[in-house]
Each structure stands twice: as structure tokens, then as C-alpha cells.
Amino acid sequence: MDRGSTGAGRPWAAAPAAEERPLKVVFGSPAENFTDAAPIGNGSLGAMVWGGVGSEKLQLNHDTLWTGAPGDYTDINAPTALAVVRKLVDEGRFVEATAAASGLTDGLNEVYQPLGDINIEFETSNQECSCYKRELDLHTATVYITYNVGAVQYTREHFCSNPHQVFVTKISANKSGHVSFTLSLNSQLNHNVHLVNANEMIMEGTCPERRPTLQKNGTDDATGIKFAAVLSLQMGGAGAKAAVLNGQKLRIDNADWVVLLITASSSFDGPFVSPSDSKVDPVSAALETLKISTNVTFSELEAAHLKDYQGLFHRVTLQLSHSSTFEKRSLKEVGEAMKTTAERVNSFRSDEDPSLVELLFQYGRYLLISCSRPGTQVSNLQGIWNQDITPAWEAAPTLNINLQMNYWPTLPCNLSECQEPLFDFMASLAVNGAKTAKINYQASGWVTHHKSDIWAKSSASTGNPQWAVWPMGGAWLCTHLWEHYQYSLDKEFLENAYPLLEGCALFLVDWLIEGPRGYLETNPSTSPEHSFIAPGTGGQLASVSYSSTMDISIIREIFLAVISSAEVLGKSDTILVERIKQALPRLPPIIIAKDHTIMEWAQDFEDPDVHHRHQSHLFGLYPGHTITMEKNPEVCQAAANSLKKRGEDGPGWSLTWKMALWARLMNCENAYRMILKLINLIPPSETFGVNGGLYTNLWTAHPPFQIDANFGFTAAIAEMLLQSTLTDLYLLPALPRNKWPRGCIKGLRARGDVTVNICWEEGELQEALLWSGRGDSVVKLHYGVQVTMFSVSGGNAYKFNGRLQCIETWPLEK
């Protein structure tokens, strides 16, 4: 029961219903570039809709299409290399240690691959077209395209159904017999196309077993993952007919409407099964899926899609206004609806339209629903959308911030199901990572490094130790397990997750070694992707030392999570828990440097790049919880100084991480400044840089495109409006009151299995509604300097006024 979203109580009723508020990414013309196209997906199958008039390109992706095969992620020479690196670090020879650390790296990760394209050639040209409109409606997860050619209006609808696992396209005209086109399939990968009949075509292909290069794509290699896409068409109209052209294309003439159904599958059978050993037939699997969809009508497909998608998407609604009433703002929306989204981004610096912030917040939730569902692969660096055989950074899940950021919104933004692929991925990493830990590091438990792939690569990728030598990837991922429990209080989940936490902690207690300072240290250690000036070298750069602040912050977070989990599960009386309790007080503390910032490394090294994009040394503040405003005010001030020192520039994910960090510091002005930085239109021609920004389809830029900042933005907005621990709820902790004086957020989740609605007017809290589904607890409710202790009983809803007085209680409807 969600009484807050039914209009109960005056503030909720005063705001328009969610479906009345437009949430559309609007384009004024067909796409000219990949980042102008509109993304849709059902978790595993994705498509990019370009929306051309004379020709349409629909780019397809499937989340299991990768190069390569399972690998051996161990190296019997690594222990010797490790001993050399540790000795050099102990001697303070950090430049030599950095060079020697290359001996700890072990092979490149594999590469995410595009499936192929659906090409549709019409008989019209762009010059004949008028009244063109293309839009992605977030309320329906559907791309709509309309345009006129003479007196005929053409309409296209595209959506990707999760219930039926099919991509659906409907092409229609408002006059009978005017839908005619030629249809074909192709792929950059090794493939062939054959037509079953005039209503069905099949494309089969193979991913290369070897990584592609910029010079050669390796499509002659037929031993990789096999794939298939099956396209079926239905059509209506008295004169409609379909025919085969040249054995490769379909020709449709004189239809009133045509519905295309596309399914896809691959031979991928898990990260431990080689493609050559797979017994999965992708053609049979795709045909079997298609059979379910061909037995239902377009309307039934659409209804099932909407029920499934909207059941997730409409859990959270956000309304922001910089005018005194929503009613006045809604009049402005009429004008906004006439603008393209690119125009709205361009004008944001002058109008600071809050409805664009709403759109970008919900767009992150839309993308997460579209690229990560139970049973799919983990969301990669581009979600599931990729057009290149050599995508930037291999489109691989990167574990030193990017993959974790992809899943930051899942819990606070009420999409916990979307996190399940992350846990499945972690389970696979733990299998390979246990071998890496044992052979490479002679340690217990499991480990993984900064980058992985569909084969759950756990060893350090070949490359610069500055980024490659970082055995904390698995540990950071494991913080998501304890977070999931804190939000859900699902003891069964924690019981199943505990072995992963336990294995992670086993590695960490073995990885820590006695150091000369009397602490337990990590050696070697890096602060992700950052270098320092090695002392006494005349300015030479190094990246390998010991006990970076991020290392210790993550370890502390994991140790505390294991202790808390063990208490919940009644497993505190174990050797591991005892070792952790002994190790915790011996971890190095966070040190404040002479410039009053948080020290990034164990020594106060000179930083050659003070504006570096990573905020790794601030992990304990966000997404961690070991630095808080209440418990560590001096450290928080040092964190603020560190953020100021880093500056306000950076790639998209860096900007949104800074946004969340400022929110944790309850600094609304600086959090909002990061919003201003991010909402900046980036030309598609800008291929590499660190200036962040948005493309015309609202994807976030590094540049180039990385999807992580879309998710980081959504999580950071939630953090500005609600923060929580298992015992405390902070309402509107970083609300930019002068920018959004009036607003409502409904359906946010808080730790302790609490759901929260908040409404504010004239920059001040008006009402808050909260309810919990499990047990009884005592909650400390915060708003500004006001604090109220309150007993929450599971099964009841509580309404508070702006003074944190409970003014109404009622039982939840069953």
C-alpha cells in the first residue's frame, strides 16, 4: 500500500499525478550519431532507434555477446613478483616498485560486441517529410516517431518487452495501403542471413574468440560465442503483401500496418563453459522465444510490457519546481514540450529548469530497468548499448568506481530487483577469484581487480600498475551485499550472501601485513588511476606504495559489515570474526594532511594532478559510511577541503560522485553546482576528454559515452533528498531550497526497510510519510536541527508535519 501516491493528504493531492507529468526525451530530427539515437532494452536485449525517414536503423545488442572464452586467471610467478614489489616499497623505492608491479598483471580482459542492425528502406526521402517528431517516453519505455509525407502521417512505435523477451516495432500510416519498405539484417561480426519465408528471417553469427584490434576485427575466428537474431513480421491491410528479394531481404508493399518481432539469443552458457563446449543452440532458443510472442496481438504485447515496466518505474515519482506552485510550473511545461531535449540542456544554464533535473533523475531509473534485470548479465560500462567491435575501454565492467556506480540507485530509488545481476556476477568472480587469491597471493578467500568481463576475469589486467594493480575490486563490490540487507532487512538474503562477504574478508585479513608503523598495512597499494611524485627522485612519478586511504577505507567497511552480518546471523563465534576484531583497531587511521585535506596515500606525497578525476580517498564518506558529519566533523571538513582541492571539473561519473559527496556533507550549494556542470551538451565528435556533460539522448559523457554517470546522478539526487542509517532518517539534507523551493519525492527507500514520501513548500518541509514492512524499530528522524525519536511498527504508516510531529497513523492495506 502506498497511501502517499494515492493523493491522501493535501500536499500529495496538490501535485499532478505521475502520469500527467511528461517525462520524454525529445528529438527534432533523425539521429546522425549513435549518441543521438534513443535506447530501449529489456535487460538483455537492447536497441538504439535512429528514426530516419528514408531509412531506419535499429541497432541491436545482446548482453551475452563478448569475445573470448573462460581463462586461467592465475600466475605461478606472481608470488615472486609480489615479494620483489613489497621489498621495494618497504625500502621507499616507489618508482622501482611501480615498474616491478607490472609482474603482477596477467592478460587483457575481453570485449563487449554489438549484435547487428535492422535496416529498413522506405520509399520516402527526408526532403518530403514534415512535422517530424521522435521521442522516448519514460512512462511507457517506448520510442514514438511520427512524421508526414504529403497527406499521409506515418507512426512508428518501438519497445523492448521483458515479459516476452522480444523487441517490438510497429509501423503504420493513417491511410490504407501506404506502408511499404525493404527489410534486411546485418552485423559487423561473422554472420549469415537466411530467409525462412516471406515473413521470417534469421541471422546467425559468431563472436571472435580473440580480442579485436583497431586494425582487424577478428571475424574470421569462428570459435567464439555464437548468436542468433530472428525477425518475424505481421501485417494488416487488404492489399498487403510480402516477398523475398535476392534471398537476403524482405519486401513489404501496400500494408496498413506492419509489426516486427525480434528475438535474440547466444550460446553463452555461463562464465565457466567454453563456447566450444556449449550445448546451447541460439537459433532454437530465439525461435522458441519468438513463438510465444507470435501467438499474441500487438496490444497484448504492449499491455504486458507496460504492466511489467510501469510496476517498477512508477514506484518513485519526483516533482520539482522553482515557482510557487506546481500549477504555474505545469503551464511552463507546455512550452517545454515544444523544445527538444538538446535545446533544454543548452538553455539550462539560463533557466535552470527543475523539470530537466526530474527527467534526468528518472532517466537513470529507466536505463537501469532497461539494462539490468534478474537473470541478465551485469550492466557494463555502456549498459547494454554498443555499436563498436572496439568500444571505449572494451565497454567492460570496471570495478574501481564505474560498475559500483551503475548500481548506486538500485536501493534508494526502489529498484532492488535490478541489482540481482550484480550479485550473480560477484558469485562468479568469487569462484575465479579464489584461485587468483591462492596462486597469485598465497591467500585465502577470493579477490578481483579493477576490470573484468563476462568470463569473470579476476586477475589484474595487463597494463599500467597505476590502474591495474588494485586488488580491492571484489571488496568494494561486497559492500553492496551489506547495503542490500540494510535496506531490505531480508535475513534470508544475508544468509545466502554471507559466504561472499566471508570469502572477501578472508582474503583481506591475509592480505594485510605487519608494517613498520605498527599498523596492519596493504602492500602493494594504489589509489585508483592516480600517481604521486616519489620523494627524492627529482620529480619522477610512481603509483605503487602502501596503505592508500581507499584500501583501508574499503577494508574497514568490509570488516564492520562482516561483524554486523555475523551478529544478525548468529555467527559471531568464528575464527574469522575474531581475527577481524583484532585487526580493526590496528588499521591505519585517516590522516589529515598539512594542507587540511584527507591524505590520499600513507605518506603526504606531492600530488602532480590535484584535479584528478577520482575521489578514492573520500570513499569512507560516500559510498561508505565510516566518515559522518556527526561522528567525524573534523574529517568531514578535511573531506570538504579535499573536494575543493580536486575542483569542479571532471568526467561525468566524477561529477556525479562529487555531487553525492557534497550531499553527504549536507552542502546543497556545491551539490547543485555539480548539476550545473553535468547538464552541458557535448558534441558527438568529442571522442576523448574529461569534461563530462550530456549527449542529445541524455546519455552521460566521459567523454566518450559511459553510462555510469546517468546512474550516479540519480543516486546523488536521492542522497540530496533523503539519507539514512539503520537508526536515522535525514529529510532533505542537501535540498537547494532557492532552486527547488517546492517539490515532492515519493517512494524513496531508506535503510531499515522504510519507504519515504517527502513534500516541501517554500523550501521547508511540509509533510513526510514513512512506513516499514518489517518488525518494530526506533527511528531518529532529522530535519535540519530538529530531531525526533520515534517508534515505528511494521505494517503501519506515519505522517509527520514540518515540525516532525506525527499527525496521523494508519495500518497499511493488505
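Modeller: Here is a quick tour of strands, helices and holes. Bear in mind that this is a predicted model, where local features need pLDDT of at least 70, side-chain atom pairs count only at pLDDT 80 or more, and totals for chains, interfaces and linings use all residues. Residues are numbered from 1 along each chain as its sequence is written, and side-chain values use heavy atoms, with hydrogens and water left out.

Biologist: Sheets, please. What is the strand order in the open sheet with 6 strands?

Modeller: The order is β17-β24-β25-β26-β29-β30, with antiparallel pairing. Strands here are DSSP runs of E with at least two residues, helices are runs of H or I with at least four, and both are numbered from the N terminus. Two strands pair if DSSP finds at least two bridges between them.

Biologist: Which are the edge strands?

Modeller: β17 (317–321) and β30 (806–811), each pairing on one side only. On average, neighbouring strands in this sheet are turned by 15 degrees against each other, direction ignored.

Biologist: How many bridges join β24 to β25?

Modeller: There are 7 between β24 (residues 742–750) and β25 (residues 754–761), running antiparallel. Lys 746 has Asn 757 of β25 opposite.

Biologist: Which helix lies across β17, β24 and β25?

Modeller: That's α19 (residues 708–721), at about 105 degrees to β24. Axes are lines fitted to C-alpha atoms, for helices over the stretch in contact (heavy atoms within 4.5 Å). Angles run from 0 to 180 degrees between N-to-C directions.

Biologist: Why call α19 largely enclosed?

Modeller: Because 14 of its 14 residues are buried. Buried means under 20% relative accessible area, exposed over 50%, and partly exposed in between, with a 1.4 Å probe and protein chains only.

Biologist: Switching topic: what does β12 pair with?

Modeller: β12 pairs antiparallel with β11 (residues 190–197) over 7 bridges, and 7 bridges also join β12 to β13 (residues 226–236), again antiparallel. A hairpin through 2 residues links β11 to β12. Glu 200 is the bridge partner of Asn 197, and in β13 Glu 200 is partnered by Ser 232.

Biologist: What about pockets, how big is the largest one?

Modeller: Its volume is about 1,000 Å³. Of the 43 lining residues, those closest to the centre are Gly 624, His 625, Ser 724, Thr 725 and Arg 751. α12 gives the most to the lining, with 7 residues.

Biologist: How is a pocket told apart from a cavity?

Modeller: On a 1 Å grid over the protein atoms alone, a cavity is a set of points where a 1.4 Å probe fits but cannot get out, while a pocket is an open set with protein on both sides within 12 Å along at least five of seven lines; lining residues have an atom within 4 Å of a point. Points are joined across faces, edges and corners, and a volume is the space filled by probe spheres set on them.

Biologist: How many cavities of 30 Å³ or more?

Modeller: The count is 6, and the largest cavity holds about 100 Å³.
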